Structure formats: structure tokens, C-alpha cells
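Thanks for taking a look at this one with me.

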Amino acid sequence: MSKVILKLENDISTDDIYPGRFMATVLPMETPQFAFFDRTDFNTKLKAGTFPPGSIIVGGENFGCGSSREQACSTLKGHEVAVVAKSISRIFLQNSINLGLQVVICPGIEASEGDELEITADQVLNRTTGKSFDQVKLPAARKGIMDAGGLIPYTRARLMAKT
Amino acid sequence: MGMTVVEKILARASGLSSVQAGDVVEPKVDLAMSHENAALVINQFQEVFQGTGLEPKVWDPSRIAIVFDHRVPAESPKTATNQKKIREFVTANGITKFHDIRGDVGGICHQILPEYGYVRPGFVVVGTDSHTTSHGALGAFSFGMGATEMASAWAMGIAVNIEVPATIRVVVKGEFPPFVGPKDLILYLIGQLTAQGANFKVLEFHGETIRKMSTSGRLAICNMSVEAGATSGIVPGDEETVRYLGEQTGATEAISCVSPDADAQYVRTVEIDVSTLDPQIACPHTVDNVKPIDQVLGTKVHQIVIGSCTNGRLDDLADAAAILRGKKVAQGTRMLVFPASSKVFGQALDKGYIHDLMKAGAVVMNSGCGPCLGVHEGALGDNETALSTTNRNFKGRMGNPTGFVYLCSPVVAAASAITGVITDPRKG
């Protein structure tokens, strides 16, 4: 079970998650400091290690819209948070799968900051309100990448298999 | 069953006789584009090869394009060092389609690729930039991806595990009224579809208005297709595509275009008549918050921006110069112009547009992404408002989370520069 540490509205852009002015910082080990940088209080708490691994950010529709910048995923992955959103923009979803950031598409999700959620194989259970919500499965085509632990090990294995 | 344009392209590139929406394919990549974020691609690429004993070589250096545009010239030592590393990688790997920070062959990636004839109808184009959708303007299936996915493409020459997207057919008819054009059309369409209305889907553009539209206009509408969430926008290649590639890029070979089958399957058809369309404005802070100009007239503007991969082309600068010639940018308003490429800049110089714009008070900057992504030039002050021909108005987009960004066409931006408030160019 994990706590909802941030509840967001629809159309959260990658500019919000990782502002463009930090795009010169690219390495996954360096990006976490800029997560939601302009949400100053939240950024400060993230950096202070306030939230245990697995803590959940709840988004609305079209989470991660906009730029293809992968920093928007690596910055969240670095804090070991999970994202549960009503829907997720294509490139952000793909980047999350490629980097192994836990993302859950849950069209009916109802949760407030502080609620305790449990993510099961096909549902999200809100233990605070007692309600449960169905997940939309991630594209089956991507299972190989997820099973390999991300696109880098997946590609590496395919290159090795070719030789 | 008949196929859409993208289905046909993906079938060909995947070595299959036919595919349909939902199939999983691994198309060969015809062109792979990156900009400064190649720094991250290189990092991920090298990581792929770690421990394999294999030499980290790209699959085909002639099919990789790298264009510096996001932060040119570098705004920081960090960016300059990233650019330096990329230059070294380009040289080591023999990548020829490289556009450094230059006043002759430099520019924004989404102008450079068409301008140098790197894209052909039927190509599979991938790019580490969400506006890679632009190149659908030339009848290619062109989509954005992250840096790690690009690293995988550089290593294997394919896009791995691509789900064939469903297609929305957009049929556009009617003649644009004066001072209304492709930018207004795409803003209107995004307003109708919403910011996620085309998520995981392709927008395939048809109709007499599209057939008559220049490649420049088609680039603008395909560029912004991603703002409705689309994987790609695409205008099936036609006479205009062949004309553009021949006249503008010097292509000499026979160009074959890909058209959809008459019985292709679409998830939806959207019809638009532009003959009664008003100038459209996307209001803060989402691109689908689109209103006809009447509803925002008189809004005070501190910064006007004309440029970007959406609207920084020669015809855009011509339209702006025609309005500003002999006029002055209002006191209290600053106007920044970013031509889409060095070539466009040079042409605009030769034709006198740059002179007209500067004499009116505009600051003409070097070609690049400039203030569109809020990295270095042209940040907004606290609570300031920008009116811009760029493609995004998200909170913080122009470098300041307290700023407000409205999106419009070049003629609306130019007319508003004179008054300092959002102004209808039809009433100027």
C-alpha cells in the first residue's frame, strides 16, 4: 500500500514535470533534482526524501502531454514514485515503459492526496475510501520490454541474439 | 481490406503485404533525427552496447540526421559541452546529415529535414522531438520518440514493437478568407478534437483546401497534429509534394507518392469548411483552449514571437513584413523574430522582409527554437503575456511559470505588434 503524494489535474505537460530550462541536464542520475521544479513545495519534499519508494502521483487525463523529453520520466523514476492517471500521452507512456517507470492507466481513478492506494494486477484499490477502479492494460506489444526491465536491456539482448 | 497511408507505409517498411490498425510491426527506419538531446541518445546508445563485446556502431550513418536548434548558440557551458560531445560522435560515426550552429546550413530540425530533401513520401521518419509529426507534410509516416527508443533505433535500424495506429480522416474544404490560413485551421481542429482527442492515432488530411495548400502550410498543420495527441499528421504525397522536392531541394529522381485505398478503414472522419473560419487563438494554458479572435481582442501583449518550426518560414515572414512595413511595434511591447532556418533567414534578407521587420522595431534573432521552449532567449517576466506563432502554451513554456502564452498565426501576431494588444488583422 502506498500514499498519494500529489493529486493533479488534466493535461499535465512534460514542461510541468521537467521544465524546458533544465533540458541541458540529460543523465538519469542528474535529472531527479528538477522534478516538478516549479511546484516548489513538492520539489523540496521530493528532494528531501520525504516520500518512501512506491509513493503515488495521481494524474487526470492526458498525463505527460507535450515534449518527447525523456527527462520527464527519468526524473520521476529517480524518486521511485509511481504514476496512476486517467489517461497517458503516447510518448510519455512509451518512455515510461522504456525506462521502467511504473505507470498505471486507470480511467475511473478517484483519489485525494493522503489516500492509501494498492495497485494490483488489474485494479487500483483506494483503501481510504474503499472504492476500486479497473486498470487499462498497457499495450501487450510492450510486454517484452517490460519483462526485460526496460528498452536498454531489451535491445542489448536482441543485439546479442543476432550475433 | 483497404489500407490508410500509414498502414501502407508500415506494411512496406516491415516487409509485409498488408497491416491494419492494432497490428504490431517493426518497421525499418528511413531517417532518424535528433537535436541537442542526441547527448542523451549517445549515452543510452553506449549503454546498450555495454558488456556485449560488440562495437558500438550506428546501423547506418547516412540515415541519421542531427540538427542543433534547441539552444543555439549555447546558453551555458553544459549545453556547449553536450554539443561538443555530439560533434565528436558525429565525426567518429561518419554522420553526414549534421547541421551545426551555422549561418549557412543551420536551422530548426523540422525545417532542415524538408529543406535539404532528407524526407521522401512513404518514408518512416523518427525523431527525438514530439514535433517530428511535421514531416507527414511530405507524405511520410513521421513520429516522435524518447532518447532511449532512438538509441535502440540507432543500434538496430528499426522501431521496435510499433503498434499500427488507427487513423482519423480530416477532410478540409473551402477557400481561406483573407488573413486566415493553415495555422487557424490546425488550431480550430485541435480545439474540436481536444488535446488528447487523437492520442495514439494518425490525422490523415484530405480535401480541396489541403490539395491547394503549400508544403509550408502543410508543415504547420502536421507540426501541430501532436497537440491533439496524434502520433503523426500526414498529407498523402501529391503534385505539390513532387513540386516542392524538385524546386526546393533539387530532387531529380522520380518521386512516388503513397495514397490511401478507397476502402481504407478510419476510426472517424472530421469535416471542416474553412470558408467561414475566423482567426483562431489558443489561450493559456492548453493548446486546445481555442477561441475565435473576437473573444480575446484587446488582451495586452508584452512579447510577440514570430518564428519556430510551426510558423517561421519564408511565407510567414512575408505575411508579417507586409503588415509591419512602414509601421512601428507598440511601445511597451517587444517583438522577436526567429526564422526557421539560415536559408529562410537569407531569403528573407534578400526580399527585404528582415529590413521591414527591423525597421518596425522587431529584434531578429538567429534561427533556432528560441523562446518557444523557454531555455534561453526571450523569457517572459512575471505575469507577462506573450502572443506567439509557436506551437505550445503550457504553463512555464516560455521560461516563466507565471507567464501567459497565446498562440496565433503570423498575421495576427504582426497586427497585434502594432497595437500592443490582440488585434484582428482583418480590421487593421
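1. One of the residues to look for is G127(B), whose bridge partner in β6(B) is G144(B). Strands here are DSSP runs of E with at least two residues, helices are runs of H or I with at least four residues, and both are numbered from the N terminus. Two strands pair if DSSP finds at least two bridges between them.

2. A word on conventions: this is a predicted model, in which local features need pLDDT of at least 70 and side-chain atom pairs count only at pLDDT 80 or more, while totals for chains, interfaces and linings use all residues. Residues are numbered from 1 along each chain as its sequence is written, and chains are lettered from A and ligands numbered from 1 in the order in which they are written.

3. Now widen the view to the open sheet of chain B, where five strands follow the order β4-β3-β2-β5-β6 with parallel pairing. Its edges are β4 (97-99) and β6 (141-144) of chain B, each of which pairs on one side only.

4. How many helices and strands does chain B have? The secondary structure comes to 14 helices and 18 strands. The C-alpha trace of chain B spans about 65 × 55 × 40 Å along its principal axes.

5. The domain assignment, automatic or from a database, divides chain B into domain 1 (5-272) and domain 2 (279-427). Taken over C-alpha atoms, the centres of domain 1 and domain 2 of chain B are 25 Å apart.

6. Where these domains meet, 36 residues of domain 1 of chain B are in contact with 32 residues of domain 2 of chain B; contact means that C-beta atoms, placed from the backbone, lie within 7 Å. On the domain 1 side, the elements giving two or more residues are α4 (109-115), α6 (182-193) and α8 (215-223) of chain B. The largest share of that side, six residues, comes from α6(B).

7. Finally, please look at the partner chain: the contact takes 47 residues from chain B and 40 residues from chain A. On the chain B side, α2 (38-49), α3 (77-93) and α5 (147-156) of chain B are the elements that give two or more residues.

Technical notes
Two residues are in contact if their C-beta atoms, placed from the backbone, lie within 7 Å.
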